[in-house]
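Dear colleague,

I am passing on the structure we talked about. Please look through it first; my notes follow below.

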Amino acid sequence: MANPHYAPEIQAETTLVNFSVTPHGLEDQLLSLVIRKKAKARTALIQQQNRFKITMQELEDKILNSLADAEGDVTENVTLIGDLETTKATADALFIQAKNAADIELAINQLSARYQGVARRGALLFFVLNNLHKLHAYHVFSLNAFVVMFQRGMDSSKGHDDEKKPTSALSRFKAVAKRVIVSQRFHWNVDVLLMDRILEEAHFDMKAILDSAQEEVPDESVIAPRCLNLQSSITEVVFDYVRRGLFEKDKLVVATQLCLAILKEQNKISPAADETTTCTTAIGILNEWLPELAWSKLRKLEELVPLLTNEFKLDGDEWKDWYQSDTPESDPMPGKPRTPLVQLLLIHSLRPDRLLVALSTFIESHMGSFFIHQPPFDLESIYQEASASTPLFFILFPGVDPTADIEQLGKRFQMTADRGNFALISMGQGQEGPAERTLEKFAAEGSWIVLQNIHLMPRWLPQLTRILDQCSHTADTNFRCFLSAEAPGLSTVTNIPETLLQVCIKVANEAPADLKSNLSRAWASFSLKTIETSLKPSEYQGCLFALCFYHAVILGRKRFGCQGWSRPYSFNQGDLTLCADVLRRYMDKTLDDKLPWDDLRYIFGEIMYGGHITDFWDRLTNKTYLEVLFKEDVLKSKDLMPGLAAPDPYLFTYSKYAAFIDTSLPVETPSIFGLHPNTEIQTMTNACSDLFLNLQRVGSAMLGIATSSNQHNPAISNKAAIVQSLTSQLPSDFALSSLQEQAQPMLEQGHSTAPYVVVALQECTRMNTLLQVMRQSLNDLIKGMNGQLNMTDAMEELLEAMSLQQVPGRNPLHSCSNGGSRYAWASRKSLQVWFADLLERVAFLTAWVTDWTLPTSMWLSGLFNPAAFLTAVKQVTARNLDFPLDNMTIETHILNTTAVTSAATKGFFVHGLYLEGARWFLSEDADELQAHSYTIDDLDHPCAGYLSDAVPKEVTSLMPVVYIRAVSIKEDWEATATGYFRHDTSVYECPVYMTSQRGPTFVFLATLSTKVAKAKWIMAGVALLLQKEG
């Protein structure tokens, strides 16, 4: 079993013997491959010495037996004297040979030391690969497969510059065929490393082996470049083998880990400190442009760069210009010259949205462009690495089908269905038998077989694995097996046996997800014949182009995360094809009448594409896209989106549309999706966070590869310190019994604030539950770490979460039920920030229940259940006005202030909300501000402002104080699952979420003033958040 895990209870009661490969052990074995001839000579010398010892022992035994059996005077025993002379001569000869062997072995050891770096690089590569299963269950590799790639890397470095490259097509084909024929086959259950070291008796030629060992050893001037060449070649070959099967999102992670691990091995970087430093100095004037979080990160960096914050204060203007640059990764960095790694860390701290670009440049400068820019997909080159024992496993993605490429390659090697040596089977119910028979037959004949969608047959896959294992021993050398499957939704879930994944050459050829590629694929799914079948071809192709553009936009919106779509949706080519068919039918029925645009938008948005959508606000976004993109204007060459006008369908043809897509589309920006440019910043920042989280999951490359365990490991000490710190700072529980006694009179006497009292009691109860769970789990963990309790799975998962700075229980794959996230409020903050938030919430609740005085302004974000407080607002208003509660809803107004000193009499003030995707504009011009101000409910402060475009690089902005009040529902308001829509053009119904995850964290519907059409804010994904990340 690869990557085995045994429960702590089993480990405590059994003795586990670990035979897994270690870095040092693997390094020695790989060294034997690097100096293969010399290693065989060393093995031969060992065997020779063993034979010498056996010979000497046999001679000694013979002499002793002769002495024991001798009669009379032994000096007259001719036979015995002859044996003694023979033994002496043999011993002298063996002594000379042993001395020669020692000299040869010394020379071999000296040569081995020179090539040690190559073997060390190979061991490093394998252990980097061995952790990739933490990124995705498909990223698993066998040691045998790695060794084959290691050998291929060495072979490709030998004299490749001196080879005469074939020029003609036939010559190139023959060269490819030759390389394919000699591709190494390995059996799944055979140790390739061990087999390479064994000297078979039938071919054992001691003299030839020792003669080869005595060949002249090249000097250092030859060996050093050779070693560098080997290291480079092996690294590139292995990385290319792995990268081919990685998902796009994981490729930079692996390249980064590999780059940092190699630099660490070469002592070019030092480990970064793991401790988090708290900001203890004032930020000063930098606060005008530098966020507090960025300042804290700078303080952290001072562990590596002394006096860094002082430089920022001295050269504030220069750093401000650099910070606000669109391309800080390529602009000169202010201050004194710094190493590339320090520059990278500064970009990570200050401009994480540009880190991926900077990281790619960093890797390219240290490793080469090969590790960043992947060559185009080439099935022929992949085929060269396959063998009869190595299936090719294709990971399926929308819009990508490898079948045509496999068939085309088969034709070049004369493997076709017409010739009877090529078969394609799409797996499904009842296909097990035909697949097994064909597989066994083709393995014997040397034919090709393609098994599609094997993930649909999970129960049969172990049988397939057994058959392929048998074929690895007996199959004809020309036999090839191609497999395809869709990856599971969760990265840690596998639908393919691990044994099969380990030996396959995995190919993950994802289709580009940019707007141009999506639109090209969408348009290419139709043909000129499709358009000509319509009775109104010009109008049909114009509408079809708009439909394809809509399809490309909603697919491309996925890359913007939760601000794009709050949940993942599987929009596919089938949706587009069905909609196009419906469009053609409607258009043919309305030859002289107006096209029913509303009906078509409803079918497309609510049934076809809308059938995938489960979230109300995502459905509203989809509906808005159709209202903007799919209307009569598409036939009048008007703008589809900013910067993109629809081609004139009466002047364009099918091929001209294709050319327009290829050459005339504007540069892709968030604006073309209706999103603010800041969305790109948030997307890249989130990608940066995900990358570093994945780097932590697969093992910090900055720390290199741990070769041994150490009881004084700083990482373990750091985890213990975190646990102790959290335990010591954990607040005491609320005295619920006492609080209930204090609150009882207010609840019984029907006090006007009774609903708010209930909310406070509920919040204290939930806080107590959370604190008790945290206290119990932390105490158990301390006992487990001290050896007082057996470490359970829950404890290990708790420790893992803390090491990753995650709130325990947030990982859905963790089985522990004592995680804080399960009993806490929705949050995406790191553990340290989340715990600080916890302390603030406890202080807020303590101040509230001390004398039961309502806060002047409610910190809505500080509640476990904000919806309960909103219900209390409606209850209080309904009682005061004697209105039915089910006829009340929430309405919001924004004050022209960030703080209030007195409470509202009819509603409630709330603070701590953030606006994402836009900003709340309060004009500095008094007249304009007055024009957009109004008073309501005799408040001390007027309500003012309206929605406006966000400030560049400001992803979220803090809202002024919000006035929330309950109002009666009017007859013309539309009831929806999320609230009541006013259908007022000056009001944007804005969703309010607890976190930027959106979706399940929805709280209520707010009403915000707007001067432009609300469709702009809907497509921009504008929403209010109760808390921001960080």
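Over the ring of which residue does the charged end of Arg-557 sit? The model is predicted, and in it that ring belongs to Trp-565, with the charged end of Arg-557 5.7 Å from the ring centre. A charge also lies over a ring at Trp-973: Arg-982 is placed over its face, at 4.2 Å from the ring centre.

On aromatic rings, searching the whole structure gives 43 aromatic pairs. One of them joins Phe-370 and Phe-371, with ring centres 5.7 Å apart and planes at 90 degrees. Planes over 60 degrees apart count as edge-to-face, so this pair is edge-to-face. Phe-370 has 24% relative accessibility and therefore counts as partly exposed. Phe-371, at 6%, is under the 20% limit and so counts as buried. Elsewhere, ring pairs connect Trp-523, Phe-545, Phe-652, Tyr-654, Tyr-657 and Phe-660 in a cluster.

Next, the sheet. Five strands form an open sheet in the order β16-β11-β22-β20-β21, and the pairing is mixed. At the edges are β16 (956-958) and β21 (1002-1009), each of which pairs on one side only. From one strand to the next, the twist averages 30 degrees. In general, strands of a sheet pair through backbone hydrogen bonds, in either a parallel or an antiparallel way. Here β20 (residues 987-993) pairs with β21 in the antiparallel sense, over seven bridges. Tyr-988 is opposite Leu-1008 of β21.

Regards

Definitions and conventions. Residues are numbered from 1 along each chain as its sequence is written. This is a predicted model: local features need pLDDT of at least 70, side-chain atom pairs count only at pLDDT 80 or more; totals for chains, interfaces and linings use all residues. Side-chain values use heavy atoms; hydrogens and water are left out. Two strands pair if DSSP finds at least two bridges between them. Helices (H or I, at least four residues) and strands (E, at least two) are DSSP runs, numbered from the N terminus. Axes are lines fitted to C-alpha atoms, for helices over the stretch in contact, and angles run from 0 to 180 degrees between N-to-C directions. Rings of Phe, Tyr and Trp (its six-membered ring) pair if their centres lie within 6.5 Å; planes under 30 degrees apart count as stacked, over 60 as edge-to-face and the rest as tilted. Buried means under 20% relative accessible area, exposed over 50%, partly exposed in between (1.4 Å probe, protein chains only). A charge sits over a ring if NZ of Lys or CZ of Arg is within 6 Å of the ring centre and within 35 degrees of the ring normal.
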